Structures are given as structure tokens and as C-alpha cells.
Amino acid sequence: MDAVLLTAEGGGPGSVLPGLSLLTLDVHVAPLTTSALAASLDAPVIILDGRRDLVSARTLCRAATDPMDAPPILLVLEEGGFAVVAASWGAADTVLSSAPPAEIQARLRILREHATASVVVEDPPAIVEAGELTVDPISFKAEIGGRRLDLTYKEFELLRYLANHPGQVLSRETLLEDVWGYAYYGGSRTVDVHVRRLRAKLGPEYDAVISTVRNVGYRFDPEA
């Protein structure tokens, strides 16, 4: 499949982009709906018909480029639509419905090439070793002194973050932002509660590796 066409028309790709009918492209046609968009996230390119309904086109473009992380969108417009379309819509490119086949093919090819080039293969997260503590984010294992720690997800992430910054004084606000995220509104007491639980699970032999810096936050001391 070369592309998915989202449209309210029932006449096939040629009724939206006549030039498509002259190209040997495999274009799957789907309704102009959010559910059809969600089902098309594996497509190389999405062609979105915005000729008749600019409001729906804008809504779908925005949904595709933020929460859904969809493939690039080629937005099809009539001439009047170009007066209102904006970069904030999120479409990767626009094309006039009367565009010739060569232009359509070139735009689709460029969008596919950009999408492929933007894929970044990230290295797997590294194992953290600090003193007698080992944190493996791939297998979600944490051990200290050869003993496996039974941690919740946030306890694990907090311990991993602390171990990644040995000797640094980390404020409660920093920990909230970097471990819980900016969208968390629970307050700094959440950090204190999780640190207390972590110390209990580390046990009396190792709980001193997380020290309290009064009126500031916490510091991880692997040799404590």
C-alpha cells in the first residue's frame, strides 16, 4: 500500500485527486473519521480530503500530528482552502485537487522519504551501576548487594534517576519534573513518600545511600 485516502466521497481516489487515477499507486480509501485515521497509522502517507469540509480536515490533521503520531499528511484542497490553511493544522504538505499526476507522485515520494529519514533508532537504555546497586531498565530489575528489590514502577524510575546522578543534590521539584513529568500535579510530598518507601526496601544496610539535604531535596551516595 502506497497511501491511505481519507474522504467522504464515494467515487474512489480519482474523485478527490483526478491525477491519482493516472498513477499506478496502491491507495486504500477510508472514511473521513477519527477511527479511520487511527486505523491508518501504519500507512506510509495519509491523503486527507479537505475540499468540502475544512473544519473536519483541520480537526483530523491536528489529531494526527499530536496525540496519534500519525504518518505525514498530504492535505487536498480547492483553491479557496489555501486562504485559511495554516501550519498549526499539522499537515506535512498541501496539494490542489487539480494537480497533475507528476506533481502528486513527487509530493507523495518526498513525504515518504522525509518520514523514513526522520525515524531515529535509539540505543537501548544503559544499565546503571553505582556502588553495590545495579539497575537494569531493559529487564526492569534492580539489585543491591546481590539482593533483588521488589519495586513499583515509580519507585524503580526514581531509584534509576537518583543512581544516574550520584553525588548531585536533586530538589524535589527537579525529581517531580524529571521522574513524574510536567503533567503531574501531586506536589512534592509525593517524592518524600516514594523516598521513604525506597529506603525501607533498600533495608537498614543500604538506606543511607539516599540522603536528605535539608530544605532542598535528596542526594544519592553510592558509597554511603
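The model is predicted, so local features need pLDDT of at least 70 and side-chain atom pairs count only at pLDDT 80 or more, while totals for chains, interfaces and linings use all residues. Residues are numbered from 1 along each chain as its sequence is written, and side-chain values use heavy atoms, with hydrogens and water left out.

A word on naming. Helices (H or I, at least four residues) and strands (E, at least two) are DSSP runs, numbered from the N terminus.

Let's start with strand β4, residues 73–77. Is it covered or open? Mostly covered: five of its five residues are buried. Buried means under 20% relative accessible area, exposed means over 50%, and partly exposed is in between, with a 1.4 Å probe and protein chains only. Both faces of β4 are covered. I73, L75 and L77 sit on one side, L74 and V76 on the other.

Now its partners. Two strands pair if DSSP finds at least two bridges between them. β3, residues 46–49, runs parallel to β4 and is joined to it by four bridges. There, L48 stands opposite L75. β5, residues 93–96, also runs parallel to β4, again with four bridges.

Next, V16. This residue is in helix α1, residues 13–16. V16 has a relative accessible area of 1%, so it is buried. Which residues does V16 contact, leaving aside its neighbours within four places in sequence? The list is L5, T7, E9, D49, R51, V76 and S97. Contact means heavy atoms within 4.5 Å. Take D49: V16 and D49 are 33 residues apart in sequence, yet 6.9 Å apart in space, C-alpha to C-alpha. And V76 brings us back to β4, where V76 is one of the buried residues.

Four strands form an open sheet in the order β6-β7-β8-β9, with antiparallel pairing. The edge strands are β6 (128–130) and β9 (147–148), each pairing on one side only. β6 and β7, residues 133–136, share three bridges. V128 has V135 in β7 as its bridge partner.

What lies across this sheet? Helix α5, residues 153–163, lies across β6, β7 and β8 (141–144). α5 runs at about 120 degrees to β7. For these angles, axes are lines fitted to C-alpha atoms, for helices over the stretch in contact, and the angle runs from 0 to 180 degrees between N-to-C directions.

α5 is mostly covered, with eight of its 11 residues buried. The buried ones include F156, L158, L159 and L162. Y153 is another matter: at 52% relative accessibility, it counts as exposed.

Y153 also takes us to the rings. Rings of Phe, Tyr and Trp (its six-membered ring) pair if their centres lie within 6.5 Å; planes under 30 degrees apart count as stacked, over 60 as edge-to-face and the rest as tilted. The structure holds two aromatic pairs. In one, F140 and Y153 have ring centres 6.2 Å apart and planes at 10 degrees, so they are stacked. F140 is in the loop between β7 and β8, and Y153 is in α5, 13 residues apart. F140 is partly exposed, at 31% relative accessibility. Ring pairs link F140, Y153 and F156 into a cluster.

Now helix packing. α5 and α7 pack at about 85 degrees, axes 10 Å apart. They are therefore roughly perpendicular. Angles under 35 degrees count as roughly parallel, over 145 as roughly antiparallel, 65 to 115 as roughly perpendicular and the rest as oblique. K154, E155, L158 and L159 of α5 meet H194, V195, R197, L198 and K201 of α7.

α6 and α7 pack at about 80 degrees, axes 9 Å apart. This pair is therefore roughly perpendicular too. R172, L175, L176 and W180 of α6 make the contact with T190, V191, D192 and H194 of α7.

Last, the cores. A nonpolar core is a set of buried Ala, Val, Leu, Ile, Met, Phe, Trp, Tyr and Cys residues joined through side-chain atoms within 4.5 Å. The largest has 28 residues. Among those with the most contacts inside it are L133, L158, L175 and F220. Elements giving two or more residues include α5, α6 (172–180), α7 (189–202) and β12 (217–220). α5 gives the most, with six residues. Apart from this core lies another, of 19 residues, among them A36, L37, L60 and A70.
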